[in-house]
Amino acid sequence: MPSPPAFEKDAEEKAKRAPDSGAFDEQTPEAGSDPLEDAYYDYLCRLGDDALVLGQRLGEWCGHAPVLEVDLSLANLALDLIGQATLALGHANNGDGDELAFHRDVLDFRNCLLVEQPNGDFARTIARQLLFSTWQHILYRELTESPDKFLREFAAKAVKEVAYHRELASEWTIRLGDGTEESARRMAEGLDWCWRFIPELFEVDEDLEEMIARQTVPDPRGFEAEYYAAIEDVLGQAALAIPADQRPILGGRRGHHSEHLGHLLAAMQYLPRTYPDATW
Amino acid sequence: MSDGHDWPLWEVFVRAKGGLSHRHVGSVHAPDPKLALAHARDTYTRRQEGVSLWVVKSTDIVASDPADAGELFEPAADKVYRHPTFYDIPDEVKHI
């Protein structure tokens with residue numbers, strides 16, 4: 001499997017020395033010089049922030065999951081996602097993904113609202129995972145065809161990880177939905193909580209439009225029907241009803257987040273901000 | 001955390017790479033075969049330990065009784081001629 005290009009320490013110096021005609025060189029992105037560069041940066045932040053925030057959320061289960069085996073499963077998903085975030089945010093920021101992860105404030109985060117929602121009980125965590133991983137898996141699958149080298153190679157690596165996330169979330173949804181009276185009730189409540197955040201996954205704003213127009217990334221509306229069919233299939237196997245449509249809540253992609261994200265970031269960013277030189 | 005006491009125990013076997021046998025590495029609790037595989041994967045192959053997994057319900061394993069060890073195993077002790085030590089194994093044969 002091809003791996004993404006390694007970050008070169010002197011990339012910034014190289015960029016300064018590069019001739020002006022190299023403005024489109026993918027090693028030396030200059031934000032602001034081209035609307036696509038802004039859109040591209042924004043797209044990487046969306047990919048990276050989705051993975052980072054959900055990874056952090058899943059990490060909160062560490063030591064608290066219903067059984068030891070599930071504890072390990074959730075931590076594994078979290079580590080996959082944080083690895084993806086490291087790649088995407090690193091590529092967005094000349095190799096320094098940590099700066100974006102730990103030194104941006106809540107308004108600068110571009111993740112969708114679904115991933116920042118609190119874990120709730122195990123069923124709600126699984127509902128969130130099912131709804132997100134199914135979307136992310138289809139998106140990554142499409143991104144493996146991107147003409148952009150980074151996105152193509154990123155997706156080729158990550159699509160396998162997320163295929164497992166989707167599979168695991170589907171299996172748990174089926175077991176909880178088709179389990180006891182209590183597990184079915186909790187699973188239905190979890191889906192109900194998360195359902196209003198689905199439309200945001202298929203929203204296309206100006207930045208995304210720009211990327212789609214250049215055929216660099218897929219239009220999510222192109223796989224919306226496939227997405228809903230897949231979710232309905234899992235819910236059918238789980239003997240769960242499709243939740244009623246709710247008023248969609250949007251805005252995460254533009255930095256309008258729920259109050260939950262601030263608390264998550266406070267926990268995540270505290271250490272590197274308080275002890276900037278800490279290593280381990 | 002509860003210990004998943006209402007879930008059956010599954011024995012986990014991992015094949016480290018092609019050509020090797022599956023080896024017993026431990027056990028997991030899981031409600032059914034599919035999740036037993038998932039739990040085995042998440043517990044025992046996180047560091048590229050394997051290319052193939054088997055899980056077997058612990059209760060499906062028929063085990064010898066330690067009390068019978070004498071009659072089962074000790075008679076083999078003085079039969080050195082059963083060991084294939086009287087010829088050289090070629091270096092190319094790795095796993096024998």
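1. Basis. The model is predicted, so local features are taken at pLDDT of at least 70 and side-chain atom pairs at pLDDT 80 or more, while totals for chains, interfaces and linings use all residues. Residues are numbered from 1 along each chain as its sequence is written, with chains lettered from A and ligands numbered from 1 in the order in which they are written.

2. Chain contact. Eleven residues of chain A are in contact with 14 residues of chain B (contact: C-beta atoms, placed from the backbone, within 7 Å). On the chain B side, β2 (22-29) and α1 (33-44) each supply at least two residues; helices (H or I, at least four residues) and strands (E, at least two) are DSSP runs numbered from the N terminus. The largest share of that side, six residues, comes from α1(B). By class, the side of chain B that touches chain A has six nonpolar, five polar and three charged residues (nonpolar: Ala, Val, Leu, Ile, Met, Phe, Trp, Tyr, Cys and Pro; charged: Asp, Glu, Lys and Arg; polar: the others, Gly among them).

3. α3(A) against α7(A). The axes of α3(A) and α7 (149-177) of chain A come within 11 Å and cross at roughly 165°; axes are lines fitted to C-alpha atoms, for helices over the stretch in contact, and angles run from 0 to 180 degrees between N-to-C directions. The two helices are therefore roughly antiparallel (over 145 degrees). Residues meeting here include Leu77(A) and Leu87(A) of α3(A), and Phe154(A) and Leu168(A) of α7(A). The contact divides into seven nonpolar, four polar and two charged residues.

4. α2(A) against α12(A). Helix α2 (35-59) of chain A packs on α12(A) at about 75°, with the axes 11 Å apart. That angle makes the pair roughly perpendicular (65 to 115 degrees). Val53(A), Gln56(A) and Arg57(A) of α2(A) make the contact with Leu261(A), Leu264(A) and Met268(A) of α12(A).

5. Positive phi. Most residues other than glycine have a negative phi. Asn94(A), in the loop between α3 (68-92) and α4 (97-103) of chain A, has a positive phi near 50°. Asn94(A) counts as partly exposed because it has 16 C-beta neighbours inside 10 Å (buried: 20 or more other C-beta atoms within 10 Å; exposed: 12 or fewer; partly exposed: in between; C-beta atoms placed from the backbone). Ala239(A) also has a positive phi, of about 55°, and lies in the loop between α11 (224-237) and α12 (259-274) of chain A. Ala239(A) is exposed, with 12 other C-beta atoms within 10 Å.

Conventions:
Two residues are in contact if their C-beta atoms, placed from the backbone, lie within 7 Å. Angles under 35 degrees count as roughly parallel, over 145 as roughly antiparallel, 65 to 115 as roughly perpendicular and the rest as oblique.
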